[in-house]
Structures are given as C-alpha cells and as structure tokens.
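Have a look at the model first, then try each task before you read on.

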Amino acid sequence: MLFRSDIVELIRMNVRLPERAMGDLRAQITALRTGERRFSELLDRYGREPVLKAIATIMDQSEVAARARTRSIPDGVYEAESFMDDDGVEISKRIPIKVRVIVAGDEMTIDLTEVSKQVRGGFNAAATTGYGCSQVAYKCLTSPTDYPINEGSFRALKVKMTPGTVVSAVRPAAMRTWMSFPMTVADTILKAMEQAVPERTIAGHHADLCVGRVSGLAPDSGRLFIGHLGPTGGGWGAKHNEDRKSTRLNSSHITISYA
C-alpha cells in the first residue's frame, strides 16, 4: 500500500483537531493493511480459487436463509406513517415519514419514495443511508442472528427511492453527522410489518443520540479545545413478549480534544 504523505498533510491542514484526526486515520490505515495481510495469508494457505469459492458459498447460504425467512411472511402490501418533530429550522413543522413494504414470495421491496423531501435543517442523509436503514429493518424481520451479514443477506431485498428525500438527499442539502431520520425510517418499516409479523417487530425507540459540545481556547496554552459530553441515548422499544430496554443501560462519557 502506497503511503502518500502529501495527502495526509492535506487532510491534517483541513481538520480542526489534527492530533485526534490523524490518530483515527492511522487506525483506519492499520485496519486496511491488517485485512490485506490476513487475506493474502488465506490465499497463500488455500489458493485463490478455494478462497473465492468459500466466500461465494457463504454469501449464497445467507441468501438462501434470507429468502426462506422472507417466504414465511404473508404476501401483501403493508404501509405505515410516522414523523419527526421538525428539522431544527422550521420549528414544530412535522416532517412526514411514510413507507410501503411489498412482500411477494421470497422477495421484499421497501418503498421509500413517499418519505419527506429533503429539509432546510441539517437532518438530511445520503442515499446510502436509505439503503442502510432498510437493510437494518429487513435483517431484524428475517433473522437478527441466524446467518451472517453480507451481500447475500440482502439479495432478496429491493429498495425504491427517489433523489432528494431526507434519506436520499442531494446537493446542496445540509447533512447530519449522525443519523436521526434513518432510525425513524427503520422504526416505521417495523411498524408497517407489525400487521403481518407482530412477533418479529418492536415499538419505536429513542431515535437519536444527544451529544453536548463546548469549545474554546485553553487558558494555559491558547490551544483550541472541543469537549464532548455523550453520546447519551434513550430507551429501546418493547417487543410483543418483553419490556423495553431501560434508558439507564445507556452511558455517557466526557472527552476533551485539543488542536
């Protein structure tokens, strides 16, 4: 792997907390190099074709399991609606979340085309998030633990979106650094499927994580600091046969980072 010190320096000059950011970057590079080394070791030990065939088999097995679980859901069209309170700019103006789930045989289609258009406030997310929250809901509905998460796990899932929604935002939308709408979209998908498989769904959860931040110049050194309090979460939804997870299970922490 080629290390480009000029690119690293460019990144360093464009972040507020270079010491912390460079530590994260080094950790990511180390993870990539470790993965590359371990994969090469597998190829050396077993050969290219057996390794690739094993990977394909694992994905195919996940697909078979996912399709079998999808067939256990009654065919039909299931809809649900929810909302977010507002976008932080137009206060108290609710942001509608409407989803439609179509189950046909061993395939499921999650239609997000009627989710709210992207908003003025910083609560938007890119299209990868629309796919991601749909995959989370689908995995919960089909099998939370029985088979691994990989590409094969989602071959039976189709996601419909249009550009320009809060989970498929386009430029120049203000984007959120953490998820809020997508978590509520996943909850709404589960709400729709309560009509078909209530034993596999849960009630809505807290839908966001709160982080308090304070920044300034340290009086002893004059260096910029940013303090983070959190993240602080909330309770999770109850199941048909079990109470929710308590808010008290969530913890907070304080970190101080210097530029």
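**Exercise 1. How many salt bridges does a search of the whole structure find?**

Step 1: apply the criterion, a side-chain nitrogen of Lys or Arg within 4 Å of a carboxyl oxygen of Asp or Glu. Step 2: searching the whole structure gives 17 salt bridges. Please keep in mind that this is a predicted model, where local features need pLDDT of at least 70, side-chain atom pairs count only at pLDDT 80 or more, and totals for chains, interfaces and linings use all residues. Residues are numbered from 1 along each chain as its sequence is written, and side-chain values use heavy atoms, leaving out hydrogens and water.

**Exercise 2. Glutamate 63 and arginine 155 meet in a salt bridge; which parts of the chain does the pair link?**

Step 1: the N to O distance is 2.9 Å. Step 2: glutamate 63 sits in helix α3, and arginine 155 in the loop between α4 (127–142) and β4 (157–160), 92 residues apart. Helices (H or I, at least four residues) and strands (E, at least two) are DSSP runs, numbered from the N terminus.

**Exercise 3. Is arginine 67 buried or exposed?**

Step 1: recall the classes: buried is under 20% relative accessible area, exposed over 50%, partly exposed in between (1.4 Å probe, protein chains only). Step 2: arginine 67 has 15% relative accessibility, so it counts as buried. Step 3: its salt-bridge partner is glutamate 107, with the closest N and O atoms 3.5 Å apart. Step 4: salt bridges with shared partners join Asp60, Glu63, Arg67, Arg71, Asp106, Glu107, Glu151 and Arg155 into one network.
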